[in-house]
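Have the sequence and the 3D view open while you read.

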Amino acid sequence: MLTIDDVRAFPLFSTLSDNELESLARTSADLHLRANEFAVHEGGERALYAVLSGKLEVVKTFDGVERTLGWRPQGTVFGELPLALSSPFLIAYRAAEPSRVMRVDIQRYYVLAAASPDIAFKLGVLARERIGGLQGIAAEVHRPRVTMVGSRWDTACATLRQFLMRNQISYHWMTPDAPERSVGWPGKCPSDEVCPALRLEDGRVLTRPATRELAESLGLQTRPRFAAYDTMIIGGGPAGLAAAVYGASEGLRTVVLERDAPGGQAGTSSRIENYLGFPNGVSGDELASRALQQAMRLGAEILVTRSVAQIDTDIDTRCVHLDGGEVIRARTIILATGVTWRRLAIEGFDRFIGKGIHYGASRSEANATHGLDIYLIGGGNSAGQAALHFANHAQTVTLVVRGDSLEKNMSRYLVEQLNGKSNVRVEFHSEVVHAHGDAQLTAIEVRDGLSGEVRRHDCGGLFVFIGADAETEWLSAAIARNERGYVLTGDDVVRAGRWSERRDPYLLESSVPGVFACGDVRLNPVKRVASAVGEGSMAIAFVHKYLQCDAG
């Protein structure tokens, strides 16, 4: 419990009367921290902190690597920048040794500053000093963790670029004929035969690496730490990451398997405008990054570049066989694999995939469209979000839509924003019927559905958003699905005659007890990020119920 003497020890509070000191001691939190315990995490709420004893480390993660920015010893305060900028904490404070910290919440601080303007003035001076220190960090020469040389039209190069971006790894990419190549790649430049070539920050060079080799070289986790888990989550999209956050926070030994990068399809969205709690919108990769950090901080393991070859559905010996032959035991399994973009059967398409034609669109593709005329197939929200993002880079963006309006399948706010973009246009009653080019896509043919006329257009990139299907062929036949691969759960399992237990299945439980499904892979979900997050958290509640029954 805080005392007047504890508070009086800080020069910042020296002008306060005994009554004000007593009030501050009574209303402030008294934090007793163990070594490595956080006083406040990055993104934490505004508050004023004072170090009563011990020492705190100031830390921030840059490009996936944690850096120490300074220390706060006994007798110092922190929190002045969030107070001055009216923003959450931009950096985190962690106890370097057992420490005691006083926390003054934001409302109490305002009362304090009104009673003693000198305190607000002193904190303002301190904030300016600390901003100067951050300016020094901003002025440092930024060195990417990976330098890559590879052709724009090399599908292996495109795959690696997307992998790096979606895993929040900074990189600098150059084509073999780039003018800056001699500076960006010291020494002899790799030949075309070994490209894409990647130089890591420690000097190692990888040539045409598989994504798992690259992941392991960068220190990303690809192998499980344990032989058995309470729950295994297959898929690292919004549903899977939500399940990981709740599972780990509630004491379950939790592991997530992700074959590419956390975030799922939502992670490729340039802007999600209607997600609760982000009034100015949030990019898909930022949302995924925050969820990933949260899940890992709470203790969940996230394995990237790993996929599942087989699930043993026998309840007594439930094992999950990973690609590469590893086997993990899991008391429960949550399927959160999402969906994959539906493919188009159009002449010339297959040979241009990754060479100008893309299913979906990651934000990394936008930089490659500078000054080009690009086309998007589709009239839903994903196509609208991508069109808005590409409009900031491409010369023109054209949406090719088979219907007669956008309003039928696209949110109103997206339609309004698209109408305000001078370089975005829409071709209704239209469909792409042919693709042309030699080494890469150069032109497409578009047919007018009303007149039948076919027009040829130069095309610097074509991005397809025509819906998605569940990719669940690898699942055991014991896990019931519909004809399009979506997993049946709850009452749908009973109606299909696939439930044999005495109890009713839980809402998100599949036809195999203890195997759950959430998010887009489940039959008839609402196609929204928020609903996927909700189902992921609900799945953990049902996992607890199942484990309690199993223990009984």
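## Charged pairs and nonpolar cores

Start with Lys408, which makes a salt bridge with Asp404, their closest N and O atoms sitting 3.0 Å apart. A salt bridge here is a side-chain nitrogen of Lys or Arg within 4 Å of a carboxyl oxygen of Asp or Glu. In general, side chains of opposite charge can pair when their charged atoms come close.

Before going on, some ground rules: this is a predicted model, where local features need pLDDT of at least 70 and side-chain atom pairs count only at pLDDT 80 or more, while totals for chains, interfaces and linings use all residues. Residues are numbered from 1 along each chain as its sequence is written, and side-chain values use heavy atoms, with hydrogens and water left out.

How many salt bridges does this rule give? The count comes to 34. Here are three of them, with the N to O distance:

| Pair | Distance |
|---|---|
| Lys408 and Asp404 | 3.0 Å |
| Arg425 and Glu427 | 3.1 Å |
| Arg145 and Glu201 | 3.4 Å |

Look at the pair Arg145 and Glu201, joined by a salt bridge. Arg145 is in the loop between helix H5 (117–139) and strand E9 (146–149), and Glu201 is in the loop between strand E11 (197–200) and strand E12 (205–207), so this pair ties together parts that are 56 residues apart in sequence. Helices (H or I, at least four residues) and strands (E, at least two) are DSSP runs, numbered from the N terminus.

Are these partners buried or exposed? Buried means under 20% relative accessible area, exposed over 50%, and partly exposed in between (1.4 Å probe, protein chains only). Arg145 is buried at 8%, whereas Glu201 is exposed at 55%. In the other pairs, Lys408 is exposed at 61% and Asp404 is partly exposed at 42%; Arg425 is partly exposed at 39%, but Glu427 is buried at 8%.

Salt bridges can also link up: Arg212, Glu216, Arg223, Arg306, Asp323 and Glu326 are joined in a network of them.

Now for the greasy part. A nonpolar core is a set of buried Ala, Val, Leu, Ile, Met, Phe, Trp, Tyr and Cys residues joined through side-chain atoms within 4.5 Å. The largest one has 39 residues, and Phe349, Leu376 and Phe390 are among those with the most contacts inside it. Helix H11 provides the largest share of this core, five residues. A second, separate core of 30 residues includes Met232, Ile234, Val515 and Val521.
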